[in-house]
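Q: Could you take me through a few features of this model, giving the general idea before the particular case?

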Amino acid sequence: MSTRTNYKDLLDAGVHFGHLTRKWDPRMAPYIFMEKNDIHIIDLHKTVAKVEDASNALKQMAKSGKKIMFVATKKQAKDIVAERVKKTGMPYVTERWAGGMLTNFATIRKAIRKMQSIEKLLADDTAKHLQKKERLMLDRQRQKLETQLGSIRDLNRLPAALFIVDIKKEHIAVKEARKLNIPTFAMVDTNSDPNAVDFPIPANDDASSSIEKIIDLASSAVEEGLNERKLEKEKAQADKAKAKQKKTEKAREKEESTETKEEK
């Protein structure tokens with residue numbers, strides 16, 4: 001059993017509720033436990049194992065300094081993702097997925113630079129000389145870009161992986177990631193194809209309690225990796241300082257020894 005979560009935790013969060021049986025994707029069959037009242041019930045033992053696999057991979061990516069982009073634009077997921085993922089410092093997309101966000105990343109970077117230049121202009125004293133109408137137009141433009149791109153403003157290169165809530169809704173993001181061979185992690189409900197992503201987590205992707213639970217587990221794994229990275233960096237710096245100190249002491253001892261010989 002996983003140390004990160006367990007059957008009961010997932011059950012309490014309602015992770016096991018799938019879609020109506022008539023809406024199912026047969027490729028999800030290995031992850032379905034049973035049918036109840038025309039609804040598919042997800043096998044939470046499988047979910048526990050998949051959460052563990054995904055968490056270990058996310059942790060290693062974060063530990064090696066890689067960026068994981070979280071994608072969740074559906075109403076019941078966007079606030080949960082924005083609030084939780086912001087704490088990790090990872091990029092996230094909770095507004096509309098802009099087509100080409102990955103495959104045409106250069107254009108996205110250009111838009112981010114444009115947003116930053118508008119911010120700089122409005123913050124500068126010279127902006128006071130702009131006409132009110134002109135300032136208003138620039139501010140609206142800035143707000144629009146901030147809404148769309150604010151959470152990925154520090155992303156200087158393509159993310160190392162994507163974590164997606166609802167792969168049917170975010171099918172463009174999945175398609176772009178696959179095209180660029182970017183690994184994908186995702187909550188996959190009973191109406192979706194788990195083979196479309198590299199790390200599928202069978203889970204209810206509609207209920208906010210289920211989304212919150214899985215996102216929290218994924219974010220915690222990322223934080224573990226970041227903390228380990230920080231500790232390793234601190235240890236390396238401490239070892240370097242220690243080695244430098246040792247070298248200085250040896251040099252001093254050698255100097256003192258030479259002085260002693262000269263005195264004799």
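Q: Which two strands form a hairpin, and how many residues lie between them?

A: β2 and β3 form the hairpin, with two residues between them, and asparagine 37 in the turn has a positive phi of about 50 degrees. Strands here are DSSP runs of E with at least two residues, helices are runs of H or I with at least four, and both are numbered from the N terminus. This is a predicted model, in which local features need pLDDT of at least 70 and side-chain atom pairs count only at pLDDT 80 or more, while totals for chains, interfaces and linings use all residues. Residues are numbered from 1 along each chain as its sequence is written, and side-chain values use heavy atoms, with hydrogens and water left out.

Q: How should I read the sheet, and what is the order of its strands?

A: In a regular strand the side chains alternate between the two faces of the sheet. Here an open sheet of three strands has the order β1-β3-β2 with antiparallel pairing, where two strands pair if DSSP finds at least two bridges between them. The edge strands, each pairing on one side only, are β1 (17-20) and β2 (32-36). Neighbouring strands of this sheet are turned against each other by 30 degrees on average, direction ignored. Two bridges pair β1 with β3 (residues 39-42), and leucine 20 stands opposite isoleucine 39 in β3. Four bridges join β2 to β3, and isoleucine 32 has isoleucine 42 in β3 as its bridge partner.

Q: At what angle do α4 and α5 pack?

A: Two packed helices are described by the angle between their axes and the distance between the axes. Helix α4 (residues 105-123) and helix α5 (residues 132-149) pack at about 135 degrees, with axes 9 Å apart; axes are lines fitted to C-alpha atoms, for helices over the stretch in contact, and angles run from 0 to 180 degrees between N-to-C directions. That makes α4 oblique to α5, since angles under 35 degrees count as roughly parallel, over 145 as roughly antiparallel, 65 to 115 as roughly perpendicular and the rest as oblique.

Q: How many salt bridges does the structure hold, and which residue pairs with lysine 59?

A: Side chains of opposite charge can pair when their charged atoms come close. The structure holds 19 salt bridges, each a side-chain nitrogen of Lys or Arg within 4 Å of a carboxyl oxygen of Asp or Glu. In one of them lysine 59 pairs with glutamate 224, the closest N and O atoms being 3.6 Å apart. This pair links distant parts of the chain, 165 residues apart, with lysine 59 in helix α2 (residues 44-63) and glutamate 224 in helix α7 (residues 208-263).
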